[in-house]
Amino acid sequence: MLAWGSCLNVRDLGGLTTVDGRRVQRGALIRSDQLCRLDDGGRDALLAHGVRTVIDLRTPAEAEKDPDPLLHEHGVDHVLVPQQDGQLWQDPEWIARTRAERDAMALDRRGEHIAAMARAVANAAPGGVLIHCLAGKDRTGIAVAILLSLAGVDDAQIAEDYALSEAALASERAAALAAATGPEARERIERSYDSRAETMLATLAHLRARHGGAEAYLARAGLSAADMQRIRERLLD
């Protein structure tokens with residue numbers, strides 16, 4: 001985990017290994033919760049870490065409400081690539097589902113959104129790429145899982161990284177539960193903060209069984225082979 005001011009859920013994916021023995025480069029891909037939480041020290045730490053592109057997965061309304069702080073003024077590109085259009089969140093079927101079921105629905109319905117995220121990574125300026133949403137867990141979790149799987153990182157390591165969000169967000173989860181009124185509200189909060197390794201393993205199993213894996217999924221969603229190769233080259237040593 002990286003300690004960047006008031007951000008809770010920041011980590012560098014460097015050091016993960018691929019099935020053919022390569023390694024994700026330190027500083028190449030970072031994940032985080034929303035950067036509006038950065039104080040001056042956190043912003044300086046982000047810059048010192050080599051981040052030069054921020055890919056923001058929030059909706060335009062979320063980004064307008066809590067903008068990423070002063071990044072344009074410090075040579076960091078900010079790319080808004082929304083992964084939600086609002087309709088899925090309002091779907092009663094979505095609301096009642098477990099986290100693994102929600103992730104499967106997201107993969108099935110958001111191919112173009114996810115491919116747009118991957119395209120932004122492929123075409124980012126030289127330097128580190130940081131991906132974030134609100135908590136840095138759900139939208140960011142799927143995005144990072146797709147990228148790492150494309151690069152050849154195995155499911156177990158992807159799931160282990162995903163599970164780190166549970167401890168990182170424990171204080172936020174506890175505060176939400178303390179403020180909840182009634183068992184149904186508490187159950188919704190518990191579902192929303194689920195980031196167990198088993199959840200990501202189920203998501204990756206669905207990606208493979210339903211869509212043929214990350215490469216086939218992205219190709220079907222319109223990402224070119226050249227873009228996929230650029231992602232591998234920028235992530236791996």
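Leu107, Ile142, Ala145, Ile146, Thr203, Leu204 and Leu207 line the largest cavity, a cavity being a set of points, on a 1 Å grid over the protein atoms alone, where a 1.4 Å probe fits but cannot get out, with lining residues having an atom within 4 Å of a point. This is a predicted model, in which local features need pLDDT of at least 70 and side-chain atom pairs count only at pLDDT 80 or more, while totals for chains, interfaces and linings use all residues. Residues are numbered from 1 along each chain as its sequence is written, and side-chain values use heavy atoms, with hydrogens and water left out.

**Cavity**
- The structure holds one cavity of 30 Å³ or more, and the space in the largest cavity comes to about 40 Å³, a volume being the space filled by probe spheres set on the points.
- Helix H7 (139-151) and helix H11 (197-211) each supply at least two residues of its lining, helices being DSSP runs of H or I with at least four residues and strands runs of E with at least two.
- Six residues of that lining are nonpolar, one is polar and none is charged.

**Strand S5**
- Five of the five residues of strand S5 (residues 128-132) are buried, so the strand is largely enclosed by the rest of the structure; buried means under 20% relative accessible area with a 1.4 Å probe, protein chains only.
- Gly128, Leu130 and His132 point one way from S5, whereas Val129 and Ile131 point the other way.
- Strand S2 (residues 29-32) runs parallel to S5 and is joined to it by four bridges, with Leu29 opposite Val129; two strands pair if DSSP finds at least two bridges between them.
- Strand S3 (residues 51-56) also pairs with S5 in the parallel sense, over five bridges, and Val51 has Gly128 as its bridge partner there.

**Helix H6**
- The twelve residues of helix H6 (residues 111-122) should span 16 Å at 1.5 Å a residue, which agrees with the 16 Å between its end C-alpha atoms; the expected span is 1.5 Å times one less than the number of residues.
- The buried residues of H6 include Ile114, Met117, Ala118 and Val121.

How values were computed: Buried means under 20% relative accessible area, exposed over 50%, partly exposed in between (1.4 Å probe, protein chains only). On a 1 Å grid over the protein atoms alone, a cavity is a set of points where a 1.4 Å probe fits but cannot get out, and a pocket is an open set with protein on both sides within 12 Å along at least five of seven lines; lining residues have an atom within 4 Å of a point. Ala, Val, Leu, Ile, Met, Phe, Trp, Tyr, Cys and Pro count as nonpolar, Asp, Glu, Lys and Arg as charged, and the others, Gly among them, as polar.
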